[in-house]
Amino acid sequence: SGLPLEDLDIFGHNPKITVDGDGGAFVCWKQSTPQNAQSVYGQHITIDGELNWGEFGTELTMRGDHSLNYQMINSAPREIEIVWSDNETPVFAQRIEASGGQPVLLWGEEGEELEGIRVSEYMEHPYLMSIYSDQKGGLVTTWIERNESGYRDFRIQRVSVDGEMAWDEAGTIRVREKHCSSQKVVTLGDRIFFAWRETKSSEFGLSFQAYNMGNGSTLMDEYSVPIVMGISNQTTSPKIIKSGESAYVSWIDGRNFTFGDMPYIQRVDLETGEPQWEHQGKKLAPTYFEDNEPSHIRMYGAVQIVEDQSGGAINVWTKRHIVSQRISEDGSLEWGNSGIAMFGEGEFDFESSARNQKLFSDDEGGAVLVVEIRKHVDEGRQIRIQRINSNGQVLLGEQGVRVMASAGDRHSLSMKAIRLSDGDFLITWQRDMRLQAIKIDRDGTPIWDSPVTLKEFGETY
């Protein structure tokens, strides 16, 4: 007699991936019904590439509306934690363990585990959620909501490993003006460091704040410490990492409007939040425009940043080329004043097609880049990997190594990449209604004989 229409899965999208802390990985995605109800589904992949949660994954959260948003992290070996919300619900959270071939949902009322636990009170459309480990088995989550004055507040809450709210109420970072976004967080010991994009009147900038992990109190100025402010054009896509005894914040801004967007970086004191380098940040490629035509930095890749194992940082961004730069703890540019091109000239259409760049430290002072790209407008998309050593030498040839290719497909592959605990990489992509994964080493050599299919959308469940 067939299946009820509401029980047919017709579409899956927005895949995310994280390590499982045991050599494998977790992959999650949003899955829809014809009535636009959505929930988060997941799959656990073992170190050997075996699918641990059934042939096509399993449901991990309750169903919400078509605007369902979620984030996930690895919280302990073989465990993940998820936060989610939609237009009509508060922020919820769940801790999930991979045990005995099935997920075990650890938070929430018995029999209603898909609902998880409530992290926030009801508000209209919480958005830009993020999730981070509290380094104690629990999580820290942030989101944006409007306050009673119509301004936007960042909200932050910590959930303990037992599923209890660690703070009596969610902390609030009050911003000076109505427009704020793109928050990024790094946790360190008993402190949480927070950077975000902010608009003050008609000026743009970035701000910095720290929280006490124990009680949720702010550690700096009532509002924040400005990293950069008073820029006449947009600041976008801040990234924050800890390296050595400092935090590094990288971003893109358009202050050189005539010449196009450029990447900047600032070193921040972790005790005071005060910037340590020149006012308004340091250019990562100050002479780039002397050798290249003006162009916009691709927002798909924006700027990526990892530590360099020596107290400095490595950055990658895309303009006419995919460009990298290493900056030392004292602010010296180690790879020249224009940076190093990660790929050679001619073969790839970097400026219009590079997407989903993922940058990783190689633990030797260099970095590994995985990127989704296409050669020319009418050709299919590819995933490629490239390495650069601590001296700025590209190691995998001018074009890197191809991981996979999709002939004739111009749509994004929604590529995701993570570094596993054994040092290899797991890469996922979505194509032809299939979500697939492959494991490779840092030179692009496959570890598995062939890609693993995680989900064929359109299958019943």
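Analyst: Strands (E, at least two residues) and helices (H or I, at least four) are DSSP runs, numbered from the N terminus. This is a predicted model: local features need pLDDT of at least 70, side-chain atom pairs count only at pLDDT 80 or more, and totals for chains, interfaces and linings use all residues. Residues are numbered from 1 along each chain as its sequence is written, and side-chain values use heavy atoms, with hydrogens and water left out.

User: In which strand is the place of Arg 431?

Analyst: Arg 431 is buried (under 20% relative accessible area; exposed is over 50%, partly exposed in between; 1.4 Å probe, protein chains only), at 18%. A polar atom of its side chain lies 3.0 Å from the backbone oxygen of Ala 405. Its strand covers residues 425–431 and is S31.

User: What is the angle between the planes of Trp 251 and Tyr 264?

Analyst: Trp 251 is buried at 0%, and Tyr 264 is buried at 1%. Trp 251 is in strand S19 and Tyr 264 in strand S20, 13 residues apart. Rings pair if their centres lie within 6.5 Å; planes under 30 degrees apart count as stacked, over 60 as edge-to-face, the rest as tilted. The ring centres here are 6.1 Å apart, and the pair is stacked, with its planes at 15°.

Notes. Polar contact = N/O pair within 3.5 Å; in protein donor to acceptor, adjacent residues only side chain to side chain. Phe/Tyr/Trp six-rings, centres within 6.5 Å; stacked < 30°, edge-to-face > 60°.
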